[in-house]
Amino acid sequence: MAKFNLNINNRNYSVEAEPNMPLLWVLRDKLGLTGTKYACGEGICGSCTVHIDGNAERSCVLSVKDVEGSSITTIEGLAENPDHPIFKTWIDLEVSQCGYCQPGQIMTLAAMLNKSSSKEEIEREMSTVLCRCGTYHRIRKAVDKLVEEK
Amino acid sequence: MKKKHTRREFIKVVSVSGGGFILATYIPFNNLLAKAGDDPKIFSPSVYLKIDSNGLVTVIVHRSEMGQGVKTALPMLIAEELEVEWEKIVIEQADADSKYGSQSTGGSTSVRRNWEPLRVAGATAREMLLIAAANKWKVDKSDCFAENGFIVNKKTNQKFSYGELVEDASKLPVPQNVKLKDPKDFKIIGKRIHRVDTPEKIYGKAKFGIDVVIPGMFYAALSRCPSFGGKVKSFKADKAKSLPGVIDVVQISNGVAVIADSTWNAFNGRDALEIDWDFGPNASVSTEDIRNEMIKHLDEEGSLFENRGNINSKIEGEKFVEAVYEVPFMAHAPMEPMNCVAKYENGKIELWAPTQNPQNAKSEVAKALGISEDNVTVHVTLMGGGFGRRLVSDFAIEAAEISKASGKAVKLTWTRKEDMKFGFYRPPSMHVLKGSVSSEGRPIKFYHHVIAPSIRQMRFDKNLTAEKSEIKEGTVDLEYQIPNLKITGTLIPTHVPISWWRAVYNSQNPFAVESFIDELAFAAGKDPYQFRKEMLPDDSRLKNVLNIAAAKSGWGTRLAKGKGRGIAISAGYESYCAQVAEVSVVDNKLKVEKFTAVIDCGVVVNPDIVEQQLEGAIAFALSAAMKGEITIKNGGVVQSNFDDFEILTYDEMPVVEVHIVQNNFKVGGVGEVGIAACAPALCNAIFAATGKRIRRLPVRLS
């Protein structure tokens with residue numbers, strides 16, 4: 001067990017954890033930030049996506065020791081502004097069904113929109129975030145709307 | 001809006017299309033409702049709702065929310081009859097309790113089975129409030145009416161809020177046979193009311209089962225035998241116990257559990273267990289053995305399900321077609337892996353379970369622990385998908401046994417690998433189809449022999465026969481008017497745990513049937529839409545959705561080379577569906593461009609949720625048709641994650657256009673009927689594009 005100083009959602013946290021513990025489990029089990037979801041544990045599905053220094057990264061394959069000193073944003077951080085255009089669009093279009101993958105979908109898209117990624121880049125990235133309920137059709141509508149509004 | 005309502009933590013901000021914002025509050029667990037200092041009188045004429053003297057209306061949802069929208073749709077039924085503003089309702093999730101009637105959330109039943117009881121519950125409460133007000137004013141109740149949470153005196157325009165009437169209404173006898181509203185007066189039913197669970201889900205605030213934390217809780221992981229039917233011979237826990245955070249190791253009926261201070265440490269501890277397994281009697285079984293078991297029966301007749309005319313008669317000039325269809329085992333793979341929180345103390349247990357079947361979890365846990373059901377409390381959490389997987393209570397039993405054995409409150413979390421490998425799978429099946437058409441292109445004969453394991457036989461009744469089993473679902477009572485028809489079935493055993501998967505046998509039989517109907521159409525030289533249409537009676541609701549699907553999809557219009565359209569229909573759950581798939585195949589690469597889906601589900605409660613369910617069903621069924629399959633080796637499942645059990649991705653999702661038939665027929669189910677027509681529509685489109693007939697799923701083009 002070692003102590004790590006993490007900056008999450010612009011707050012400083014000091015946590016004790018095994019150095020190899022994935023950030024996902026630090027967020028969920030140590031800090032109670034359960035909006036970041038566990039689904040595959042191998043970086044395949046994207047449900048656990050957070051922002052590390054503005055980049056969308058999969059917290060299930062990132063060791064806590066490697067994110068010390070980084071600026072980490074979770075879905076709870078993004079939701080500090082509930083009027084964020086992504087949330088408004090997601091509600092308007094009723095994108096979510098079971099909702100479990102949605103934080104990962106939203107965090108992935110938010111990073112791309114912040115960086116003004118191209119449509120092709122967004123297409124590629126969003127295609128790596130899995131949804132079992134099949135909300136893709138509405139995610140696409142939301143993405144198109146948000147890209148257009150930007 | 002958020003600031004205004006900070007008093008409640010679980011506020012929902014939702015909007016109705018074309019209108020302003022509407023608020024609905026949702027409280028996940030009963031105990032959170034109590035507020036310090038409040039001691040309101042409660043009026044609760046039904047188990048499904050209560051109104052307190054502050055005017056707070058609480059609707060209790062007794063079915064499980066797994067993404068299908070019951071937490072919104074069911075309260076809409078009550079709110080409609082109660083004449084209360086949607087935004088004033090608080091929605092509460094029910095614990096497992098027989099007082100609610102069935103809580104089993106499967107079979108597309110939640111809305112259609114509760115359509116009447118919940119409206120009656122709302123109407124009864126409204127009637128009692130009305131009588132209470134009439135009594136206070138000393139007028140006839142016909143001089144009063146209910147509106148927006150008030151009873152209004154028609155003559156004087158005086159009003160009582162529901163809250164003011166709670167005490168008086170509570171003293172009244174519960175009236176029988178209350179009058180329900182005329183559908184033309186519906187204000188809520190039929191509207192695109194926004195889902196109450198969306199905001200908390202997208203803000204990351206929703207509590208799924210996996211997110212539950214209770215005081216003093218530890219984290220557990222379980223090691224199970226890789227071969228189904230195996231068990232622990234012996235184990236060594238020294239290595240596991242030496243790892244960081246590992247607190248305890250206990251053996252339970254289904255394996256060896258590690259308890260730790262975090263999920264991650266529990267996973268690592270579990271991986272370090274040294275277990276000597278008795279792999280059991282099925283340790284050498286593979287997919288091929290199970291396929292061979294089905295193949296063995298291909299030339300047999302099977303038990304008779306349905307028979308008309310004579311399929312053995314000789315008819316001049318008839319043209320024969322024959323084919324064998326096949327679908328594999330399939331996993332549910334909901335995004336949230338199985339999990340459960342359990343706290344055993346002094347002979348009682350409390351569970352927080354993402355379960356579609358809370359009453360079953362309650363009874364199964366009681367049985368497993370040898371305690372009475374009264375000593376089992378099951379709180380139902382949100383679910384990250386269900387699709388039938390969470391109808392089985394295995395994960396709740398495991399958590400309960402671990403808590404009892406360790407004496408600790410635990411959250412058991414399955415890894416994705418375990419979720420893949422230790423599921424209850426959609427059974428495989430093979431289908432022998434034979435048929436003929438006349439020289440004029442009319443159908444003459446249709447024979448279908450389905451060979452599959454029966455879920456009911458494998459799990460509940462070893463003596464169940466094929467003709468009494470559910471494998472006939474989707475094979476019999478076809479509306480097609482074919483003069484000579486014979487439907488048969490054969491049950492095969494399997495050691496692989498099988499269970500209900502979204503649409504169950506309707507995810508299998510209609511694939512074979514609707515693909516083969518296409519083969520007959522081709523043999524008849526007929527357009528597949530026209531061929532179907534001519535076989536359906538005029539007053540058929542299926543024919544209606546078929547016609548609409550053809551019209552809306554541009555059926556018959558020219559498509560570029562390499563593109564094709566396929567059509568298929570399905571009926572079930574008191575609903576009817578037609579789908580047209582449009583695909584392109586370039587260099588053997590399949591792209592599903594578009595699905596046009598038409599559903600007739602009778603009265604529509606919430607069109608937006610119906611559309612969601614159709615879009616979702618198509619994605620779910622396409623995953624099964626195009627991507628993953630579960631295979632067996634050494635008695636266990638080969639696949640372990642979304643890399644070897646692939647599901648549809650964003651870029652692979654077609655455009656989906658949903659059309660809902662407007663009528664006032666009895667309300668039908670919408671979660672599963674959209675599954676059935678998808679695979680055959682897809683494969684019929686592939687045939688139209690390439691001339692290649694797909695008879696085995698998942699689709700392999702090369």
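**Notebook: sheets, helices and domains in chains A and B**

I began in chain B, where I found helix 8 (residues 358–369) lying across strand 17 (339–345), strand 18 (348–353) and strand 19, and running at about 145 degrees to strand 19 of chain B. Before going on, I noted that this is a predicted model, in which local features need pLDDT of at least 70, side-chain atom pairs count only at pLDDT 80 or more, and totals for chains, interfaces and linings use all residues. I also noted that residues are numbered from 1 along each chain as its sequence is written, that chains are lettered from A and ligands numbered from 1 in the order in which they are written, and that side-chain values use heavy atoms, with hydrogens and water left out.

For my terms, helices (H or I, at least four residues) and strands (E, at least two) are DSSP runs numbered from the N terminus, while contact means heavy atoms within 4.5 Å. Axes are lines fitted to C-alpha atoms, for helices over the stretch in contact, and angles run from 0 to 180 degrees between N-to-C directions.

I then looked up the sheet to which these strands belong, and found an open sheet of 7 strands in chain B, in the order 12-13-10-20-17-18-19 and with mixed pairing. Strand 12 (246–252) and strand 19 (376–380) of chain B stand at the edges with a single partner strand each, so one side of each has no neighbour in the sheet. From one strand to the next, the twist averages 25 degrees. Two strands count as paired if DSSP finds at least two bridges between them; strand 10 (residues 217–223) and strand 20 (residues 409–413) of chain B run parallel and are joined by 4 bridges. Within this pair I located B:M217 opposite B:A409 in strand 20 of chain B.

Next I turned to an open sheet of 3 strands in chain B, which has the order 7-8-9 and antiparallel pairing. Its edge strands are strand 7 (144–147) and strand 9 (159–161) of chain B, each pairing on one side only. Strand 8 (residues 150–153) and strand 9 of chain B pair in the antiparallel sense over 3 bridges, and I found B:F150 opposite B:S161 in strand 9 of chain B. Helix 2 (residues 110–137) of chain B packs on this sheet and touches strand 7, strand 8 and strand 9 of chain B, its direction making about 40 degrees with that of strand 8 of chain B. Helix 3 (residues 162–170) of chain B lies across strand 7, strand 8 and strand 9 of chain B, and runs at about 80 degrees to strand 9 of chain B.

Last, I checked the domains, whose bounds come from an automatic or database domain assignment. Chain A is assigned domain 1 (2–73) and domain 2 (85–149), and the centres of these two domains of chain A, taken over C-alpha atoms, are 21 Å apart. Their contact takes 16 residues from domain 1 and 12 residues from domain 2 of chain A.
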